[in-house]
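Here's a quick tour of a protein together with some DNA. Keep the structure open while you read, and click on each part as it comes up.

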Amino acid sequence: MSERLIMHIDLDAFFASIEQRDHPEYQGRPLVVGAKPGRRGVVATCSYEARRYGVRSAMPISEAARRLPVEAVYLRPDINRYGAVSQQIMTALQSLSPVVEKVSVDEAFLDITGMELLIGNAESIGQQAKQLIHDQVGLTASVGIGPNRLIAKLASDYQKPDGLTVVTADQVEAFLNPLPLTVLRGLGSKSAPILQRLGLRTIADVRRLSLLELRRQLGNLAGTNIYQQAQGIASDRVDDQSTRKSISKETTFDQDITDPAILRESLHWSAQEVGYVARQEHRKGSLVTLKIRFRGFDTHTRSRSLTTPTSADQEIFKTAWELYRNEPWDDQPVRLIGLGISGWDGAIDKLERQPDLFGDPAPHTEVRQDRLYQTLDEVSGKFGKHAIRLGSKRVDSKTESESE
DNA sequence: TCTGGGGTCCTAGGACCC
DNA sequence: TCTGGGGTCCTAGGACCC
């Protein structure tokens, strides 16, 4: 197999940069996109001027306001506008490589394997990506290129803002060694301290631990995962077809709520939002989840499977409201309430994308039993038992319509 | 200093079935 | 009056990421 080349692109301070681009009067000033001071919430993104005061993403807005001078600007996020800019960027990137995986509003992976022959070495491809984004939307991005997703991602983080870092396969170990272990994916505020208590600080330190020891400390799966990452082993696949698995909407109230009518109204509104998005995306979910948060960040979820998948506002709302009413929450004041739908089962997407799985999609006059079993086995082998249900449903309906 | 919103993935217990 | 073992589904919680 040929060596793969993966590029990770990360827009610099995305929300804040768009605001500064569109409002020249904000340029050069500390700018925070997120909650307004005096209300509940956190910093979503802040400009580099604000970062100089120690302000960071996810920091409570109250603390950000304490750190920043009075001339700082605070804006509510305009997700629709940012989404449009994001779409422009993703479209532009497709002119560079057909395989673009959008991982969030401000991040993408590109498979640029083999492109050196066409448009120059890795460095030059990275430069072109940056130039493309700058020409299209007037923003800067940090770019990382490496033999897999992990290395590309860490490389884009290496120099910010407006950076470009290329790590070749033979440089991976030297590149990883001095980095703090917290850059590894999946080592957050709970599991990083476990390793730090063992005196580990850098990725080189982590690599000195055996697979067995890491599994003992972090659990089998997480341990194996960190063990591999520390050696620079990670996926080198870019999935340009990835689709979301859930749609949700939640609301944190400025003051905790005790009036059920307000909670009901909020859920109703959330259901409309979620239903709308689901219908836009032609999705129906068979699992409705209620999320509720009380004082002290005490968070709970309740979910119910539906016999028939839905995208109807009323049904989503009705189910979530029942989930709320079914439970003795003891009239605790509610900080957050929300709902979501999921459960369209990944196999649906895959089957829709691969109609050939069932052979020639042209109309058949009969479905031979032996052929049916053969394809069902193929499906279950590929996608697991879920797919069998879908498969049999599909064939059943065909059989039924033929017998009419 | 209290902690948004939108997600993904993993774990673990109980139900249920063979 | 003692009750295995494996597999899968459902549900709740939680860690983590951007």
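**Where the protein meets the DNA**

Strand β11, which covers residues 299-310, gives the most to the surface near DNA strand C, with five residues. Keep in mind that this is a predicted model.

**DNA strand C**

- Let's start with the neighbours: 19 residues surround DNA strand C, and the closest are K153, K190, S191, S303 and S305.
- Which parts of DNA strand C come within 4 Å of the protein? Sugar and phosphate account for 100% of those atoms.
- Take a look at S191, where an N or O atom in the side chain is 2.3 Å from a phosphate oxygen of DNA strand C.
- H300 also uses its side chain, with an N or O atom there 3.0 Å from a phosphate oxygen of DNA strand C.
- With S303 it's the backbone you want to look at: a polar backbone atom is 2.5 Å from a phosphate oxygen of DNA strand C.
- Sorted by class, the surface near DNA strand C has three nonpolar, nine polar and seven charged residues.

**DNA strand B**

- How many residues surround DNA strand B? There are 21 of them, and the closest are R244, K245, S246, T252 and R335.
- Here the bases get a share too: of the atoms of DNA strand B within 4 Å of the protein, 66% belong to sugar or phosphate, and the rest belong to bases.
- Now zoom in on S248, where a backbone N or O atom lies 2.8 Å from a phosphate oxygen of DNA strand B.
- K249 reaches a phosphate oxygen of DNA strand B with a polar side-chain atom, at 2.8 Å.
- For E250, look at the backbone again: one of its N or O atoms lies 2.8 Å from a phosphate oxygen of DNA strand B.
- Which elements give two or more residues to the surface near DNA strand B? They are α3 (61-67), β9 (246-257) and β12 (334-342).
- β9 gives the most to this surface, with seven residues.
- By class, the surface near DNA strand B has six nonpolar, six polar and nine charged residues.

**Helices α4 and α6**

- Next, find helix α4 (residues 79-93) and helix α6 (residues 122-137), whose axes come within 10 Å and cross at roughly 135°.
- That angle is why α4 counts as oblique to α6.
- As for handedness, the crossing of α4 and α6 is right-handed.
- From α4, the residues V85, Q88, I89, A92 and L93 meet A129, L132, I133, Q136 and V137 in α6.
- What kinds of residues make up this contact of α4 with α6? Eight are nonpolar, two are polar and none are charged.

**Helices α11 and α12**

- Now for another pair: the axes of helix α11 (residues 211-218) and helix α12 (residues 220-230) come within 7 Å and cross at roughly 135°.
- α11 and α12 are therefore oblique to each other, and their crossing is right-handed.
- On the α11 side, the contact is made by L211, L214, R215 and L218, while α12 brings in N220, A222, G223, T224, I226 and Y227.
- Split by class, the contact of α11 with α12 has six nonpolar residues, three polar and one charged.

How values were computed: Residues are numbered from 1 along each chain as its sequence is written. Chains are lettered from A and ligands numbered from 1 in the order in which they are written. This is a predicted model: local features need pLDDT of at least 70, side-chain atom pairs count only at pLDDT 80 or more; totals for chains, interfaces and linings use all residues. Side-chain values use heavy atoms; hydrogens and water are left out. Axes are lines fitted to C-alpha atoms, for helices over the stretch in contact, and angles run from 0 to 180 degrees between N-to-C directions. Helices (H or I, at least four residues) and strands (E, at least two) are DSSP runs, numbered from the N terminus. Angles under 35 degrees count as roughly parallel, over 145 as roughly antiparallel, 65 to 115 as roughly perpendicular and the rest as oblique. A crossing is left-handed if the near helix is turned anticlockwise from the far one by less than a right angle, and right-handed if clockwise. Contact means heavy atoms within 4.5 Å. Ala, Val, Leu, Ile, Met, Phe, Trp, Tyr, Cys and Pro count as nonpolar, Asp, Glu, Lys and Arg as charged, and the others, Gly among them, as polar. A residue is near a molecule or strand if one of its heavy atoms lies within 4 Å of it. A polar contact is a pair of N or O atoms within 3.5 Å; within protein, one must be able to donate a hydrogen and the other to accept it, and residues adjacent in sequence count only if both atoms are side-chain atoms.
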